[in-house]
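Thanks, everyone, for making the time.

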Amino acid sequence: MTGITTSGTTTIRGAVLETIGAARPFAGSAPLRVQDLTLAAPGPGEVRIRIEAAGVCHSDLSVVDGNRVRPVPMLLGHEAAGIVEELGEGVDDLQPGQRVVMVFLPRCGECAECATDGRLPCAAGSASNNAGELLGGGRRLSRGTTADGEPVHHHLGVSGFATGAVVDRRSVVPVASDVPPAIAAVLGCAVLTGGGAVLNAARPGPHDDIVVVGLGGVGMAALMVARAVTSGRVTGVDQEPGKLSLARELGADAALTPEQAVENGLSATFVIEAAGHPVAFETAVGLTGPGGTTVTVGLPAPDAVSRISPLGLTAQARSIVGSYLGSAVPSRDIPRFVDLWRAGKLPLERLVTRHIGLEEINEAMDELAAGRAVRQVIDFGS
Ligand SMILES: NC(=O)c1ccc[n+]([C@@H]2O[C@H](COP(=O)([O-])OP(=O)(O)OC[C@H]3O[C@@H](n4cnc5c(N)ncnc54)[C@H](O)[C@@H]3O)[C@@H](O)[C@H]2O)c1
Ligand SMILES: [Zn+2]
Ligand SMILES: [Zn+2]
């Protein structure tokens, strides 16, 4: 479906979010409309990608339901992978035909935040993401099949719910061709975020106990990485029975509802919160043992507030750490996760619980909102 025109632009099909806060079910209100769009040719430092697979993350749903306020119209999707098709001026470290993972926060490599080894999000990347633009400034997307259509915003520098994308070079990390497209896609958000929260923010020792609260794509990836790196007890917590059985199949020593976790006196040195709900955050803090650390990854509504006891933190020397993008340096960390997957220690195939077509995107948002999906992946074909 991707055709290059004589003017250097490309026509693609993509799912554009037209309105924020549409009524559920989204299958009926259809806030995302699949349509033809035009991609400008990649500018200096940019690349054009043919997208092969894109995962549906709760952070996409949060734009649809208004919890993360973004400008519309916006071509959604921030967890994707594909093949490099065209290089903009000055990009000399990628080859056409190479598979890349797309990453939802480009690092400029020059700001003070970029010097924190992944701990802080890049200031320039955050600003361009908030504006719905690419890191180099402006938009390369417009409606229709001519370049003079209404401009459309980029989502987190990726806009992966489409057959093609133009992105900044710093929004992609190359991977070897043995990494299948769906696996490459989930590496970009679920695995980098959940796995990075474990490796970079928690930093457990080889025998530490780890609890993960919230077992969607991000939390389930955190649980897999936890299982791969500790011989201590790994426990998953979620209220959905299907998520608990998958966690057990993936090697969790226990999988409990939040109520069971409290009744059983569950406690661990490291607790990862990946639910995005203030009650889940309270649960996670409550399950963190003396001297332990709660790592919070979820992105609840901006006005969400939690109640926690300051005394419990002081008296037990506990810490709370926030982690965006897995506190990761993507070019360093994605190869680490690929190595663990190749070694058979990260069964990332199990994260993908449903393969869908682009036209099913509104239904996919309903599945995610209902808590039924771990990761749904849109297949575009290789
Ligand atoms: N920090 C980052 O860089 C980053 C990146 C990606 C996603 N996120 C955020 O991480 C969160 C998880 O994303 P996801 O795509 O895995 O979402 P998801 O909807 O697939 O999974 C969330 C899970 O949390 C469970 N849950 C909800 N409330 C709970 C509670 N009170 N106790 C226990 N479990 C509870 C749900 O049943 C579900 O299984 C979202 O808030 C998302 O926006 C953050
Ligand atoms: Zn995401
Ligand atoms: Zn930066």
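Let me begin with the shell around ligand 1, to which helix 2 (58-64), helix 4 (181-202), helix 5 (217-229) and helix 8 (278-286) each supply at least two residues. Please keep in mind throughout that this is a predicted model. The shell consists of 34 residues, and the closest to ligand 1 are H58, G214, G216, V218 and G276. If we sort the shell by class, we find 16 nonpolar residues, 15 polar ones and three charged ones.

Let me turn to an open sheet of six strands, whose order is 14-13-12-15-16-17 and whose pairing is parallel. At its edges are strand 14 (254-256) and strand 17 (319-322), each of which pairs on one side only. On average, and ignoring direction, neighbouring strands of this sheet are turned by 20° against each other. Within the sheet, strand 12 (residues 210-213) is joined to strand 13 (residues 234-237) by four bridges, the two running parallel, and V211 is found opposite T235 of strand 13.

Which strands does helix 8 lie across? They are strand 12, strand 13, strand 15 (268-273), strand 16 (288-296) and strand 17, and helix 8 runs at about 150° to strand 16. The buried residues of helix 8 are A280, F281, T283, A284 and V285, and what covers them includes helix 7 (258-263) as well as strands 12, 13, 15, 16 and 17. So that we have a point of comparison in helix 6 (residues 241-249), consider S245, which lies in that helix. S245 counts as partly exposed because it has 13 C-beta neighbours inside 10 Å, whereas a buried residue needs 20 or more. Between S245 and A280 there are 35 residues of separation in sequence and 19 Å in space, taken from C-alpha to C-alpha.

The antiparallel pairing I want to show involves strand 3 (residues 32-39), which pairs over eight bridges with strand 2 (residues 10-17). I12 has L37 of strand 3 as its bridge partner.

As a reminder, most residues other than glycine have a negative phi, and most peptide bonds are trans. Against that background, R24 and P25 are joined by a cis peptide bond with omega of about 0°, and P25 lies in the loop between strand 2 and helix 1 (26-29). A cis peptide bond also joins V72 and P73, again with omega of about 0°, and P73 is in the loop between helix 2 and strand 5 (74-75).

As for phi, A30, although not a glycine, has a positive value of about 45°, and A30 is located in the loop between helix 1 and strand 3. A317 is not a glycine either, and its phi is positive at about 50°; this residue lies in the loop between helix 9 (310-316) and strand 17.

Is A317 buried or exposed? A317 is exposed, because 9 other C-beta atoms lie within 10 Å and the limit for that class is 12 or fewer. A30, by contrast, counts as partly exposed, with 16 C-beta neighbours inside 10 Å.

Note on methods. Residues are numbered from 1 along each chain as its sequence is written. Chains are lettered from A and ligands numbered from 1 in the order in which they are written. This is a predicted model: local features need pLDDT of at least 70, side-chain atom pairs count only at pLDDT 80 or more; totals for chains, interfaces and linings use all residues. A residue is near a molecule or strand if its C-beta atom, placed from the backbone, lies within 6 Å of it. Ala, Val, Leu, Ile, Met, Phe, Trp, Tyr, Cys and Pro count as nonpolar, Asp, Glu, Lys and Arg as charged, and the others, Gly among them, as polar. Two strands pair if DSSP finds at least two bridges between them. Axes are lines fitted to C-alpha atoms, for helices over the stretch in contact, and angles run from 0 to 180 degrees between N-to-C directions. Two residues are in contact if their C-beta atoms, placed from the backbone, lie within 7 Å.
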